[in-house]
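Please read it with the structure open.

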Amino acid sequence: MKLVDTHTHIFGSQFELDMEEVVMRARRAGVEWMLLPNIDLESIESVVKAIKQFEELKPMWGLHPCHVDGNWQEVLEKIRPFFQQFPACAVGEIGLDFYWSKEFVTEQIQALEMQLAWALEYKLPVSLHTREATRETIDIVRPFAEKGLRGVFHCFSGSEIEASEVIDLGFCLGVGGSITYPKNPVREFIGHLPLDSIVLETDAPYLPPVPYRGKRNEPAYLLEVVFALADFFHRTPAEIAEITSLNSVSLFNLSAQSVQQKN
Ligand SMILES: [Zn+2]
């Protein structure tokens with residue numbers, strides 16, 4: 001089985017001591033690519049260190065909405081050169097988060113719009129974080145999508161109507177460990193969505209799937225998400241892996257050739 005973890009923070013401090021073992025377990029589980037969404041200025045160094053160490057780790061450059069403040073323009077100016085230095089597979093992690101704080105809502109919107117414009121300019125997809133802001137994010141993304149922008153609503157948590165709107169924009173839904181949580185409302189409609197709009201992610205170290213709740217999440221646990229989706233879509237795990245990997249390889253322009261060669 002070949003898998004792509006389209007959103008994983010294994011460059012973070014929780015993996016400092018054993019990142020190599022985490023990557024080895026991911027390889028054994030069939031995870032061929034792991035896409036690393038940058039968070040802020042401080043996280044850049046650890047993303048760079050990680051991508052230099054393992055070839056299957058690909059960076060995204062961006063400023064996470066929870067780290068947007070009054071200085072956002074200055075911060076974006078410092079992040080932007082990294083697109084030239086270390087070619088990215090996407091602009092991320094960007095978006096809107098009205099759950100943790102509403103202090104910088106205007107700044108979050110401005111920073112998001114600027115980074116969506118970067119993605120169009122660089123012809124890259126985006127990895128979008130939305131929390132209590134799915135509606136607002138869809139509305140902001142729409143004019144960019146009409147100009148050809150593509151991407152993922154990472155850890156999608158909106159309604160069925162919002163899911164259809166996201167798919168109509170040509171965007172994918174990122175599905176991770178939370179799909180195994182009994183109370184997740186997305187479980188009620190996920191199986192009705194087209195499988196070619198779904199990509200897999202862990203969001204490690206967060207949101208570990210059942211039976212790993214309470215532990216640190218890691219890319220190897222993506223298999224649990226595959227098994228859950230196989231139930232929802234009445235497909236085999238191998239089919240879920242194949243279709244979602246093709247979706248990811250094409251969206252993030254990962255080399256299809258090396259995915260095949262590795263196994
Ligand atoms: Zn993230």
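Predicted model: local features only at pLDDT ≥ 70, side-chain atom pairs only at ≥ 80, totals over all residues.

1. Two strands pair if DSSP finds at least two bridges between them; helices (H or I, at least four residues) and strands (E, at least two) are DSSP runs, numbered from the N terminus. By this criterion, strand β7 and strand β8 (residues 198–200) pair in the parallel sense over three bridges.

2. Residues are numbered from 1 along each chain as its sequence is written.

3. The protein chain has ten helices and eight strands. Its C-alpha trace spans about 45 × 40 × 35 Å along the principal axes.

4. Strand β6 (residues 151–153) runs parallel to β7 and is joined to it by two bridges. Here Phe-153 stands opposite Leu-173 in β7.

5. Which residues of strand β7 (residues 172–175) point one way, and which the other? Cys-172 and Gly-174 share one direction, while Leu-173 and Val-175 point the other way. All of these are buried, that is, 20 or more other C-beta atoms, placed from the backbone, lie within 10 Å of their own.

6. Leu-173 also touches (C-beta atoms, placed from the backbone, within 7 Å) residues beyond four places away in sequence, including Phe-156, Ala-163, Val-166 and Leu-193.

7. Of the 263 residues of the protein chain, 47% count as buried. In soluble globular proteins, nonpolar side chains tend to be buried together.

How values were computed. Buried ≥ 20, exposed ≤ 12 C-beta atoms within 10 Å, placed from the backbone. Contact = placed C-beta atoms within 7 Å.
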